[in-house]
Amino acid sequence: MQQKKTQTKDKIVRFGVSLEKDLLEIFDRKIKQKKYATRSKAIADLMRKEIIQQRWRTGKEVAGAIVFIYNHHRRNVVDKIIDIQHDFSNIVVSTQHVHLSHDECLEIVVIKGKPQMVETLADNIRSTKGVEHCVVAFTSTGNL
Ligand code: NI
């Protein structure tokens, strides 16, 4: 059954959960540390995380960001990074460049596409000489 996106998001259901007391205490401490407003929000986030990981494994479209730092004085590193991103222009949504210090640049590449493509793009950036650290953060495309 096809539902409009807004309807799916607005419909809230309540359900009971039975679990060990110790587990709930640990969970409550954890969500307090993470500053969740409610248990419901924390549980919904866990469910999304599981679904997104599943999508990541099965190759469904994901969104996220590749975040990396590099020394822009390294020979050709800026050109190489731009070339790589142009090769993946079908999944690159936007790029933000921050001049962290005299030597260091930080770049955030927002991506939307198949996980394998995102991983390949991140691997290409990571293996570029001059790139010092590169991480991938992924989330859903907004439909859960
Ligand atoms: Ni810079």
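# A walk from Lys35 to the nickel site

Lys35 has a relative accessible area of 72%, so this residue counts as exposed (exposed means over 50% relative accessible area, buried means under 20%, and partly exposed is in between, with a 1.4 Å probe and protein chains only). Before we go on, please keep in mind that this is a predicted model: local features need pLDDT of at least 70, side-chain atom pairs count only at pLDDT 80 or more, and totals for chains, interfaces and linings use all residues. Residues are numbered from 1 along each chain as its sequence is written, and side-chain values use heavy atoms, with hydrogens and water left out.

Let us stay with Lys35 for a moment. You will find Lys35 in the loop between H2 and H3 (helices are DSSP runs of H or I with at least four residues, strands are DSSP runs of E with at least two, and both are numbered from the N terminus). Its phi is positive, about 65°, although Lys35 is not a glycine. Asn76 also has a positive phi of about 65° and is not a glycine. Asn76 sits in the loop between strand S1 (62-71) and helix H4 (77-87), where it counts as partly exposed at 42% relative accessibility.

Side chains of opposite charge can pair when their charged atoms come close. Here a salt bridge is a side-chain nitrogen of Lys or Arg within 4 Å of a carboxyl oxygen of Asp or Glu, and by this rule there are four salt bridges. One of them joins Arg39 and Asp28, at 2.7 Å from N to O. Arg39 belongs to helix H3 (residues 39-58) and Asp28 to helix H2, so this pair ties together parts that are 11 residues apart in sequence. Arg39 is partly exposed at 39%, and Asp28 is partly exposed at 24%.

In helix H2, Glu25 and Lys21 are four residues apart, about one turn of the helix, and their closest N and O atoms are 2.9 Å apart. Lys21 is exposed at 63%, whereas Glu25 is partly exposed at 36%. In helix H3, Arg48 and Asp45 are three residues apart, again about one turn. Their closest N and O atoms are 3.5 Å apart; Arg48 is partly exposed at 33% and Asp45 is partly exposed at 32%.

Which residues make the nonpolar surface patch of about 520 Å²? Val13, Phe15, Val17, Leu19 and Leu23 do. Such patches are made of residues with over 30% relative accessible area and no salt bridge, with nonpolar side chains (Val, Leu, Ile, Met, Phe, Trp, Tyr) joined within 5 Å and like charges joined within 9 Å. The areas come from the Shrake-Rupley method with a 1.4 Å probe, and for residues only the protein chains shown count as cover. Val13 lies in the loop between helix H1 (5-10) and helix H2 (21-33), and this residue is exposed at 63%.

Val136 is partly exposed at 22%. Setting aside neighbours within four places in sequence, Val136 is in contact (heavy atoms within 4.5 Å) with Trp56, Ala65, Ile66, Val118, Ala122 and Arg126. Its C-alpha atom is 9.8 Å from that of Ile108, a residue 28 residues away along the chain. Not counting residues up to four places away in sequence, Ser140 touches Ile52, Arg55 and Ala63.

Our last stop is the nickel ion. It is coordinated by His97 (NE2), His99 (ND1) and Cys105 (SG), at 2.0 to 2.4 Å, and these donors follow the spacing H-x1-H-x5-C along the chain. Donors are N, O and S atoms within 2.8 Å of the metal (3.2 Å for Na, K and Ca), and sites may look incomplete because water is not among the atoms. His99 is exposed at 63%, while Cys105 is buried at 3%.

Cys134 counts as buried, at 8% relative accessibility.
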